[in-house]
Amino acid sequence: MANVISLRNLFVLSLALNVGLLMKLFYKEESHSSNGNDQNTTLPLLISSTSTSTSTSTQSDDEDIIVNLDHGDPTMYETYWRQMGDKTTIVIPGWQSLSYFSDPKNLCWFLEPEFAQQVLRLHQVVGNAVTDDRYVIVGTGSTQLYQAALYALSDPHLDEATSVVSAVPYYSSYPAITDCVKSELHKWAGDANTFNKSGPYIELVTTPNNPDGHLRQSVVNRTGGILMHDLAYYWPQYTPISSIPADHDLMLFTVSKCTGHAGMRIGWALVKDRAVAQKMVKYIELSSIGVSKDSQLRAAKVLKAVSDSSGKEVEESEPFFKFAFHALELRWKQLRHTVQLSGLFSLPEFSSGHCSFLRQNFEPQPAFAWLKCEGEIEDCESFLRGKKIITRSGKHFGVSPKYVRISMLDRDSMYNLFLERLSAIRS
């Protein structure tokens, strides 16, 4: 009992001493203020001292961070979807999605009807693609759809593989995806601008283009050619939407670049020809026996929220495409200003166009910056890597290593750190 009382007394004594010390400091501060000095002198100094210490610590930590903008990981969109709260939340009961089949009567039998409905609705809202008399094919991201399209468009009866081409700078993954299984059906043949081989070919037209953001048209334009249009970035946050919807035989889209949900691994194709659509479905059946129903249902919920926010259905929500547009608009203004001051770099120039969806004129603001190192810097990727900025070299896109591709879609904190690093580089 004596020990308990002793400890309790010590605690009370310690508390009293601390309170007394605080009162003494407060009294001195009051006396100092009453002598006619600025009442905020001491407090701001304390704040300044603390902030300087914190700033120094943060700056030291930031210097150790590797700014990796090699991948187009669309985490910029997290801010918007956090604001949406549970509007895109779904609950899937344990008994649901047991069957392989979503709609046995549909040509694409693993396509969830709700997802198909929301895809068609979104295109109607934005006006970026013709959907009438088209088959909707769902895939595990646009990568699987690209492989399915190659399978469907290649003639198996030819003596040699069908050539696959795209104008430089082309998407860096096209060559690897095309040749990854060493198929006898198709083979990567490089730059469409220099392609002169006779016989059938498949030309990939990515518009807006990844990596440089320019709108593209076919280049080869020869008998025996088949076109595949990758429209992953043909959304109003990236480029003005024409008053005439895209109308091509085979068009690829993906949730990841439209809404930012890359982790869902959901894409879709709009296909005009039934035989091509059937072969694409067959490829997906053989490679993965369909596409995740859970991902399709979640994607349908997200696409519905995007369409709703663009109309009058959810007036209290900020329209998704306006949020994304303004976020990229600010980032591109900041980047162009930083590049202009550096004297070491340059960026593509774009012409302004009218967007029928947003009803305004603006220059394209792509998901990637196609940065060029000017002057004597020959390997831009290595140069920036030395500044702890990871990018993707132009050599992977079929052009000079003086170019690099930089993602514009990372989180604010990483993008701001990138701008800070870039602004510190001067000629």
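Tutor: Helices and strands here are DSSP runs (helices: H or I, at least four residues; strands: E, at least two), numbered from the N terminus. This is a predicted model, in which local features need pLDDT of at least 70 and side-chain atom pairs count only at pLDDT 80 or more, while totals for chains, interfaces and linings use all residues. Residues are numbered from 1 along each chain as its sequence is written, and side-chain values use heavy atoms, with hydrogens and water left out.

The chain has 12 helices and 15 strands. Pro-208 belongs to the loop that runs between β5 (201–206) and β6 (225–230). Asn-221 is exposed at 56% relative accessibility, where exposed means over 50% relative accessible area, buried under 20% and partly exposed in between (1.4 Å probe, protein chains only).

Another cis peptide bond joins Val-168 to Pro-169, with omega near -10°. Pro-169 lies in the loop between β3 and α6 (174–179). A positive phi, near 55°, is found at Asp-133, again a residue other than glycine. Asp-133 is in the loop between α4 (113–126) and β2 (135–139), and with 70% relative accessibility it counts as exposed.

Next comes the loop between α5 (141–153) and β3 (162–166), which holds Ala-161. This residue has a relative accessible area of 21%, so it is partly exposed. Although 25 residues separate Ala-161 from His-186 in sequence, their C-alpha atoms are 4.4 Å apart. Beyond residues up to four places away in sequence, Ala-161 touches Glu-184, Leu-185, His-186 and Lys-187, contact being heavy atoms within 4.5 Å. Thr-162 is in strand β3 and counts as buried because its relative accessibility is 3%. Neighbours within four places aside, the contacts of Thr-162 include Leu-185, His-186 and Lys-187, as well as Pro-200, Tyr-201 and Ile-202.

Such links across the sequence can be set against the chain as a whole. Among contacts between residues at least 6 apart in sequence, 73% join residues at least 24 apart. Of the 427 residues, 45% count as buried.

What remains is the interior. A nonpolar core is a set of buried Ala, Val, Leu, Ile, Met, Phe, Trp, Tyr and Cys residues joined through side-chain atoms within 4.5 Å. The largest such core has 103 residues, and those touching the most other members are Phe-115, Ile-137, Met-228, Met-280, Leu-335 and Phe-418. Helix α10 (residues 320–342) is the main contributor to this core, giving 10 residues. Apart from this core lies another, of 6 residues, with Val-165, Ala-167, Phe-195 and Val-220 among them. Once neighbours within four places in sequence are set aside, Ile-137 is in contact with residues including Leu-107, Cys-108, Trp-268 and Ile-284. Cys-108 is itself buried, at a relative accessible area of 1%.

Trp-268 is also part of a cluster linked by ring pairs, which includes Tyr-77, Tyr-80, Trp-81 and Phe-115. Rings of Phe, Tyr and Trp (its six-membered ring) pair if their centres lie within 6.5 Å; planes under 30 degrees apart are stacked, over 60 edge-to-face and the rest tilted. The structure holds 26 aromatic pairs. For Tyr-80 and Trp-81, the ring centres are 5.0 Å apart and the planes stand at 90°, so this pair is edge-to-face. Tyr-80 is buried at 1% relative accessibility, and Trp-81 is buried at 11%.

Finally, there is 1 disulfide, defined as a pair of cysteine sulfur atoms within 2.5 Å. Cys-373 and Cys-380 form it, with their sulfur atoms 2.0 Å apart. Their link is right-handed, with 60° about the S-S bond. Cys-373 has a relative accessible area of 0% and is therefore buried; Cys-380, also at 0%, is buried too.
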